[in-house]
Amino acid sequence: MADAKRALITGITGQDGGHLTELLHEKGYEVFGLIRGQRNARREAVIDEFPYVTLIEADLTDQTSLIQAVEASQPDEVYNLAAVSHVGFSFRNPQLTADITGKGVLNLLEAIRIAGFKDRARFYQASTSEMFGGLDYNRPGTGYNEDSLFHPRSPYGVAKLYGHWITRNYRESYDMFAATGILFNHEGPRRGLEFVTRKITDAVARIDAGTADHVVLGDLWPKRDWGYAGDYVRGMWQMLQHDEPDDFVLASGATHSIEDFLALAFAEIGVDDWRPYVKQDPAFMRPAEVDILLGDSAKAERVLGWKRDYDLPGLVRLMVEHDVALQKR
Ligand code: NAP
Ligand code: F7E
């Protein structure tokens, strides 16, 4: 392993952290993962699934722990995937979201500088399409790209915008290799059950198994540009292999409503009309909603050669099949 590249991943217990760990391991990297809390419930699952990873205890809100994490891992690449990432939760916990999702990015960039890794470690910041906001006046017909206006609509989006700009600022001020990926929604079997796609595919599998008879959701009209997480972590890695640090949108280029997703997911278990199985509760609605997201990833495709393997029907099939198999187990 002497010549292996070393990567430090924050957010290793999350969806993207799992996919990225797998990818970097396949590429021969030595992978270090940041884990927070004195008894993180996901620690054992990470050790079971990725026994080759070295876990380092640290928290994005604790600068000292981050400096120690950089010193311990001696990284060539740092992927900052950790965040309060749930938009609904961010409305209920706006200050926590600002501290972790926003200022946490600054803490990590500073830790890299203080530990003396600013000229060695390439940095990836997980920026998001939530920074665009999906409002009418701000919506390009062909989809948001790297030059589109920002108008975040949640404490999460606002905090991510700070993380995005502080990353660009460190690139410009300190000549750091600091890249941002403006990623549209990406999903898969590793997606948390609190997000709408996985909540639906999990419920569909339970309904199929006869252990549930409905799912309770919020608004069904918002539209999202959904892709597969495995395709998107490949793009993150490609951004850090590029000659120069830059900003890249990753998206599928298609947009669909929650209703469309429901129709595809229920069709997988042979149900044509999903409506009898869905109830709505305002508890799952947001004080401000992002109506529609559509991304244009032409730059990533042209400059990085980024490609997607999955379209929405393929993604839904993958998720439903996974959750149906889980129920059978
Ligand atoms: P996720 O599954 O929610 O994972 C979030 C991760 O952040 C978890 O590992 C969590 O660890 C960690 N974390 C939270 N607070 C922390 C703290 N104070 N210190 C250290 N770690 C902390 O998110 P994801 O879907 O993989 O997304 C990865 C990143 O991409 C996030 O930054 C997200 O905001 C961004 N993003 C996601 C999407 C998407 O569609 N998935 C799109 C655009 C951008 P615990 O296990 O300890 O909670
Ligand atoms: O909501 C609606 C909800 O929570 C999608 C994060 O990864 O992608 C994700 O953020 C839509 C919204 O994802 C329920 O109101 C209806 O319109 O799955 P979501 P999100 O908010 O788009 C972006 C790009 C990120 O960066 C984030 O980190 O679905 N919706 N009913 C619901 N949403 C949830 N969660 N639960 C419901 O019951």
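In this briefing a residue counts as buried under 20% relative accessible area, as exposed over 50%, and as partly exposed in between (1.4 Å probe, protein chains only). By that definition Pro189 is buried, with a relative accessible area of 17%. The model is predicted, so local features need pLDDT of at least 70 and side-chain atom pairs count only at pLDDT 80 or more, while totals for chains, interfaces and linings use all residues. Residues are numbered from 1 along each chain as its sequence is written, chains are lettered from A and ligands numbered from 1 in the order in which they are written, and side-chain values use heavy atoms, with hydrogens and water left out.

- The protein chain is assigned domain 1 (6-186 + 226-250) and domain 2 (192-224 + 255-293 + 311-328), with bounds that come from an automatic or database domain assignment.
- The centres of domain 1 and domain 2, taken over C-alpha atoms, are separated by 27 Å.
- Contact, defined as heavy atoms within 4.5 Å, links 17 residues of domain 1 with 20 residues of domain 2.
- Pro189 is placed in the loop between strand S7 (186-187) and helix H7 (196-209); helices (H or I, at least four residues) and strands (E, at least two) are DSSP runs, numbered from the N terminus.
- Apart from neighbours within four places in sequence, Pro189 is in contact with Arg198, Tyr228, Leu318, Met319 and His322.
- Between the C-alpha atoms of Pro189 and Thr201, 12 residues apart along the chain, the separation is 9.1 Å.

**Ligand 1**

- Ligand 1 is surrounded by 26 residues, of which the closest are Thr13, Arg36, Ser85, Tyr156 and Lys160; a residue is near a molecule or strand if one of its heavy atoms lies within 4 Å of it.
- Polar contacts are pairs of N or O atoms within 3.5 Å; within protein, one must be able to donate a hydrogen and the other to accept it, and residues adjacent in sequence count only if both atoms are side-chain atoms.
- Oxygen atoms of ligand 1 lie 2.9 Å from a polar side-chain atom of Asn40 and 2.8 Å from an N or O atom in the side chain of Arg42.
- A nitrogen atom of ligand 1 lies 3.2 Å from a polar side-chain atom of Arg191.
- On its own, ligand 1 has 900 Å² of accessible area, and the protein covers 92% of it; such areas come from the Shrake-Rupley method with a 1.4 Å probe, and for residues only the protein chains shown count as cover.
- Helix H1 (15-26), strand S5 (122-128) and helix H6 (155-174) each contribute at least two residues to the shell around ligand 1, and the largest share, three residues, comes from S5.
- The shell around ligand 1 comprises 10 nonpolar, 10 polar and six charged residues, where Ala, Val, Leu, Ile, Met, Phe, Trp, Tyr, Cys and Pro count as nonpolar, Asp, Glu, Lys and Arg as charged, and the others, Gly among them, as polar.

**Ligand 2**

- Around ligand 2 there are 22 residues, the closest being Ser85, Thr128, Tyr156, Arg286 and Glu289.
- Domain 1 and domain 2 each provide at least three residues of the shell around ligand 2.
- Ser85 places a polar backbone atom 2.6 Å from an oxygen atom of ligand 2.
- Polar side-chain atoms of Tyr156 and of Lys199 each lie 2.7 Å from an oxygen atom of ligand 2.
- Ligand 2 taken alone exposes 700 Å², and the protein buries 96% of that area.
- Eight nonpolar, six polar and eight charged residues make up the shell around ligand 2.

- The buried residues of helix H3 (residues 63-73) are Ser65, Leu66, Ile67, Ala69, Val70 and Ser73.
- Their cover includes strand S1 (6-10), strand S2 (30-35), strand S3 (54-57) and helix H5 (94-114).
- At the start of H3, a side-chain oxygen of Asp62 comes within 3.2 Å of the backbone nitrogen of Thr64, and Gln74, which follows H3, has a positive phi near 45°.
- Asn107, in helix H5, is buried at a relative accessible area of 7%; neighbours within four places in sequence aside, Asn107 is in contact with Leu60, Thr61, Gln63 and Leu66.
- Asn80 lies in strand S4 (residues 77-80) and is buried, with a relative accessible area of 1%.
- The side chains of Asn80 and Gln125 are joined by a polar contact of 2.8 Å.
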